[in-house]
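Me: Hi! Could you walk me through this model? I'd like to get my bearings before I set anything up.

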Amino acid sequence: MDSSRYIARHVINLPKSGIRDFFEIVAKMKDVISLGIGEPDFDTPWHIREAGIYALEKGKTHYTSNLGSIELRRAISKYAEKYYSVSYQPENEILVTVGVSEALDIACRALINPGDKVMFHQPCYVSYHPSVTLTHGIGVPVPTFAKDNFALTVGALRAAWQPGCKLLMLNLPCNPTGGTCDRVQIEAIAKFAVEKDLIVLSDEIYSELTFEDVHTSIASIPGMKERTIFLHGFSKAFAMTGWRIGYACGPAPLIEAMMKVHQYSMLCASIISQEAAVEALLRGRDAMKKMRDQYHRRRDFIVRRFNEIGLKCHLPRGSFYAFPDVSVTGLNEKDFAVGLLQAEHVAMVPGSAFGANGSGFCRACFATSYEHLIEASNRIERHVQSLVKKS
Amino acid sequence: MPGFCDTARLMKPIVKLLLEGGSLGAAQMAQVLNLSEAEVNRQLDELKKQHVLLGFRPVLNIADEDSGVVRAVIEVRITPERGGGFNRLAERISRFDEVESCYLMSGGYDLLVFVNGASLQRVAAFVSEKLSTIEGVLSTATHFMLRSYKENGFLLEGKAEENERLKVTP
């Protein structure tokens, strides 16, 4: 029996993640220095892990409220107010989710009617377009460019906009480009969102890892709280990827709608992770700043090296990704990445895994040790030189 | 030639790198900091001259019983002196080879002295013959260390865990 004929059409048509193809190749190789990892190299700070252990010891093994524990929602409310200048009611404007991924998914499911159009900037995180497709929406990619340091411009938004656009997804700072927008640019995007009556899904998972300027949340711009769902989590800033814990904040009716989807699918996020998350919000800033400082110095090193090597690389102002242009080698990003892997055992993710607009670039994660960064950059240099000689 | 302010500014990155960079050699530090190796060595020398960088030592696991090292912590009460307070005596005590570290403390005693010796008897002899006989030392209370769990930021139990991150993730 051909069981594949039972699969829903929109799932069959969903393209496989480009990252998975690449992962299959890398997984079979030994001694690879990987710059292809999308998570911190630090383990979760001990005091946060300890809070998780203590939660188990206290017998915190039960369901919480669908919205998440009220302690965590209160902590999120204070954190958002203090660091993002936007205030949310813990009782009905905050929903704790299983990572930002779930928050994004249920936001799409709660808001998108079949045929609704959703704008998102590209290159972007791999799940944005599929999240829209899976809810029968239509993705409208908006390109960002190296010449703008991959900041999202209103010009590009305007050029891409079409009738029927209902949502705008933002991820600033951005995975994979490290691009972000300053306050002036955010204000312009906000104005555009109001003009076109868009709801904004703002995934700010990398916001603590902003190296220049101060991060501005679009939700904090006057008039935007009512049309923004602020998505955030603990994975990147507090090195908690495996805990799978995040949250969504927004207008009560939208949070209520998301909660409906959440309660019938996820029920609630892990209570152990919720307890650890409270600790992270209340006492995790010092550890977070230490990690951020280290990413900052590693970024300065690897970006300088890419430019020395001849792979033009803009300065990513946030996240822990550099996004060098590899087209100087005469190869496309996939051939370059595979060649680098085979010749020098260094893994970078081809930029096209993050959308067509990532062609010509590769993503290099610098959340790894100096020893690895130094060795990887030397190997990349050797490989690029060998390619340039040939051509 | 850089002025004093420039040098002071340059010092900061190298100190931060020393603190976070694990065991990077001068050549690697030079790469990270975008300096020549000679400049890195010059800055390290400068830090030593300024008495900011006192030296490098390996952190060894000397917890097991065959290591032949006995360690003790000694609480010492001393008489402060007019003009110098506790300093003269503290510095004098610090000069003994047996003394690993020495701190002036608040609370029920004055100095906390970390001592190493080849055997329990050697450490005991140091305390009774050298330390307590110094004029101005009022009393000592010696605590022998039984077991070490963490040394200078390194956990002793449990081998370094393999990094379990997947090699490629979105």
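**Helix H4 of chain A and beyond**

Reply: Happy to. Let's start with a helix in chain A: the buried residues of H4(A) are A:Leu72, A:Arg73, A:Ala75, A:Ile76, A:Ser77, A:Ala80 and A:Tyr84. Keep in mind that this is a predicted model.

Me: Thanks! What do the buried residues of H4(A) pack against?

Reply: In chain A, they pack against strand S2 (94-97), strand S7 (228-233), strand S8 (246-249) and helix H10 (271-283).

Me: And how many residues does H4 of chain A have, and how far does it reach?

Reply: Helix H4 of chain A (residues 70-84) has 15 residues. From its first C-alpha to its last it reaches 20 Å, close to the 21 Å expected at 1.5 Å a residue.

Me: Which residue just after H4(A) takes a positive phi?

Reply: That is A:Ser85, with a phi of about 55°.

Me: Zooming out, what does the domain assignment give for chain A?

Reply: Domain 1 covers 3-44 + 286-390, and domain 2 covers 46-284. Their centres, taken over C-alpha atoms, are separated by 24 Å. Domain 1 of chain A puts 35 residues into the contact, and domain 2 of chain A puts in 37.

Me: Which elements give two or more residues to the domain 1 side of that contact?

Reply: On the side of domain 1 of chain A that touches domain 2, they are helix H11 (285-309) and strand S9 (321-322) of chain A. H11(A) gives the most, with seven residues. By class, this side of domain 1 divides into 16 nonpolar, 12 polar and seven charged residues.

Me: Switching to chain B: how many helices and strands?

Reply: Chain B has five helices and six strands. Reading from the N terminus, the order is α-α-α-β-α-β-β-α-β-β-β. Of the 170 residues in chain B, 16% are buried. Among contacts in chain B with a separation of 6 or more, 53% link residues 24 or more positions apart.

Me: What about domains in chain B?

Reply: The assignment gives domain 1 (4-49) and domain 2 (65-147). The C-alpha centres of these two domains of chain B lie 35 Å apart.

Me: At what angle do H2 and H3 of chain B cross?

Reply: Roughly 105°, with the axes of helix H2 (residues 26-33) and helix H3 (residues 37-49) of chain B coming within 8 Å. That makes H2(B) roughly perpendicular to H3(B), because angles of 65 to 115 degrees count as such.

Me: Which residues make that contact?

Reply: From H2(B) they are B:Ala26, B:Ala27, B:Met29, B:Ala30 and B:Leu33, and from H3(B) they are B:Glu37, B:Val40 and B:Asn41. The residues of this contact between H2(B) and H3(B) divide into six nonpolar, one polar and one charged.

Me: I was also eyeing B:Leu47. Where does it lie?

Reply: B:Leu47 lies in helix H3 of chain B. With 16 C-beta neighbours inside 10 Å, B:Leu47 counts as partly exposed. The C-alpha atoms of B:Leu47 and B:Glu98 are separated by 27 Å, and these residues are 51 apart along the chain.

Me: Last one: how many residues does each chain bring to the contact between chains A and B?

Reply: Chain B brings 13 residues and chain A brings 21. The largest share of chain B's side, three residues, comes from H2(B). By class, the side of chain B that touches chain A has five nonpolar, five polar and three charged residues.

Notes. Residues numbered from 1 in each chain as written. Chains lettered and ligands numbered in written order. Predicted model: local features only at pLDDT ≥ 70, side-chain atom pairs only at ≥ 80, totals over all residues. Axes fitted to C-alpha atoms, helices over the stretch in contact; angles between N-to-C directions. Helix = DSSP H or I, 4+ residues; strand = E, 2+ residues; numbered from the N terminus. Parallel < 35°, antiparallel > 145°, perpendicular 65-115°, else oblique. Contact = placed C-beta atoms within 7 Å. Nonpolar A, V, L, I, M, F, W, Y, C, P; charged D, E, K, R; others polar. Domains from an automatic or database assignment. Expected span 1.5 Å × (residues − 1). Buried ≥ 20, exposed ≤ 12 C-beta atoms within 10 Å, placed from the backbone.
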